[in-house]
Amino acid sequence: MKKKIIIATMLSAFSLCFVGCKEENHTKVDVDSYLKENGFANCQVEGDCRVEEDKKQYWDVYDEKNGVHFNVINVTDESGWMGSQDMYDNYDAKLVEEHVKDLPEHEGVDIVTGDMWSENASFEFEYTNLDELEEKYKLVKNCAKYLDDLKSDVEIRVSANLAGPRVDYYKDKTIDGILQYTDVAPLSTYSSIKSGETLDYIKKQYFQFGYTYRFPEIEEEMKSSDVEAFFEDKYTNCAAVYHSGDSDDKTNEDYVVYDDIYTDGTLTFGNLYYLLIDEGFDVEGSVDNFTVQGVDGQMCQFSYGYAGSGEHGTYYLVDDEEVSCDCNYFKLYPKTIYDLFGLTVEEYKE
């Protein structure tokens with residue numbers, strides 16, 4: 001990451017408030033120092049400091065080697081009583097902008113360089129499955145290699161967005177908050193892209209989304225090692241079902257641990273599906289859409305198609321009557337599971 005120079009003095013805050021860039025001799029020194037310390041020693045500052053209406057200061061700078069015009073930008077932070085100035089540059093974004101026509105073939109990957117305040121370009125693409133993700137990732141990697149040959153450690157955002165019928169459906173039903181893991185944009189260098197670190201991060205988010213809900217189209221793409229990695233996270237807990245006694249009693253050993261069923265204090269429909277089967281319930285249907293009889297004889301129906309209604313945007317049916325999910329996005333609390341099926345479900349922590 002680029003080193004940023006912080007200037008926090010009463011004098012600079014005072015002078016900026018009243019004279020803008022008139023203290024150019026002082027701030028020009030800071031720009032030259034910034035350029036030197038961030039690998040731009042051979043770049044030339046062109047012209048005087050300029051100020052936008054929102055009081056952002058910037059200087060035009062030219063890198064003759066790569067033919068790149070870029071800016072060093074100074075933003076005043078008014079949150080502290082003394083004020084501070086935070087310098088950064090948009091070189092990486094401007095390098096991409098200058099050479100975008102020279103980049104290797106990248107059909108299906110959009111390159112967004114942003115406005116002059118943007119530090120990094122974004123390489124944006126959609127994917128519907130793992131194969132498509134890996135194919136488009138290769139295109140990004142080829143482009144990153146080209147940029148790295150121009151200047152090492154150029155940072156770009158690799159913006160991967162899950163698409164497909166399920167995603168479109170949830171957006172249409174205005175419960176797109178469920179898609180928090182499907183739109184990721186890690187800031188990456190060619191080194192992290194080449195090593196697969198960036199791809200692994202995107203895959204982890206994709207698999208977390210799929211396994212949290214047990215969406216079959218994603219779960220089918222996961223290997224056992226991916227499931228193990230999912231549960232290795234210290235915040236990821238599996239479910240335990242207590243068959244008698246008090247679950248808060250540490251001496252109570254009458255429970256079963258399901259190390260492949262995820263809970264965060266709630267159960268999604270998909271994890272409930274597998275839990276009920278393991279607990280001996282007669283479940284009909286698939287993980288996406290199933291029916292099962294509750295302890296009081298009521299017929300319960302759960303479907304990932306039940307969206308766009310209910311207090312939290314999703315619901316299930318009990319004897320054909322809509323019941324709002326306890327919280328957002330197809331999740332039920334343990335009390336609801338106990339009321340429906342007589343099961344005491346807890347998070348299992350070793």
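**Around asparagine 90**

Modeller: Among contacts in the protein between residues at least 6 apart in sequence, 55% join residues at least 24 apart. Keep in mind that this is a predicted model. The protein has 350 residues, and 47% of them count as buried. Its secondary structure comprises 11 helices and 20 strands. The accessible surface comes to about 18300 Å², with 45% of that belonging to carbon and sulfur atoms.

Now the close look. Asparagine 90 sits in the loop between β5 (84-89) and α3. Is asparagine 90 buried or exposed? Its relative accessibility is 1%, so asparagine 90 counts as buried; the cut-off for buried is under 20%.

Which residues surround it? Leave aside the neighbours within four places in sequence, and asparagine 90 is in contact with Phe70, Asn71, Ile73, Met116, Ser118 and Glu119.

Follow the chain onward into α3. This helix covers residues 91-99 and packs against α4, residues 130-150. The angle between them is about 110 degrees, and the axes are 11 Å apart. Angles of 65 to 115 degrees count as roughly perpendicular, so that is how α3 and α4 are placed relative to each other. On the α3 side, the contact uses Leu95, Val96 and His99. On the α4 side, Tyr146, Leu147 and Leu150 meet them. By class, the residues of this contact are five nonpolar, one polar and no charged.

For context, take another helix pair. Helix α7 (residues 197-213) packs with α9 (residues 224-232) at about 85 degrees, with axes 10 Å apart. These two are therefore roughly perpendicular as well. Here Phe207, Gln208, Tyr211 and Thr212 of α7 meet Asp226, Val227, Phe230 and Phe231 of α9.

Last, helix α10, residues 269-278. This helix is mostly covered, with seven of its 10 residues buried. Among them are Phe269, Leu272, Tyr273 and Leu276. Just after α10, glycine 280 takes a positive phi of about 90 degrees.

Key: Residues numbered from 1 in each chain as written. Predicted model: local features only at pLDDT ≥ 70, side-chain atom pairs only at ≥ 80, totals over all residues. Heavy atoms only, no water. Axes fitted to C-alpha atoms, helices over the stretch in contact; angles between N-to-C directions. Helix = DSSP H or I, 4+ residues; strand = E, 2+ residues; numbered from the N terminus. Parallel < 35°, antiparallel > 145°, perpendicular 65-115°, else oblique. Contact = heavy atoms within 4.5 Å. Nonpolar A, V, L, I, M, F, W, Y, C, P; charged D, E, K, R; others polar. Buried < 20%, exposed > 50% of the residue type's maximum accessible area, 1.4 Å probe, protein only. Areas by Shrake-Rupley, 256 points an atom, 1.4 Å probe, with all protein chains shown as cover.
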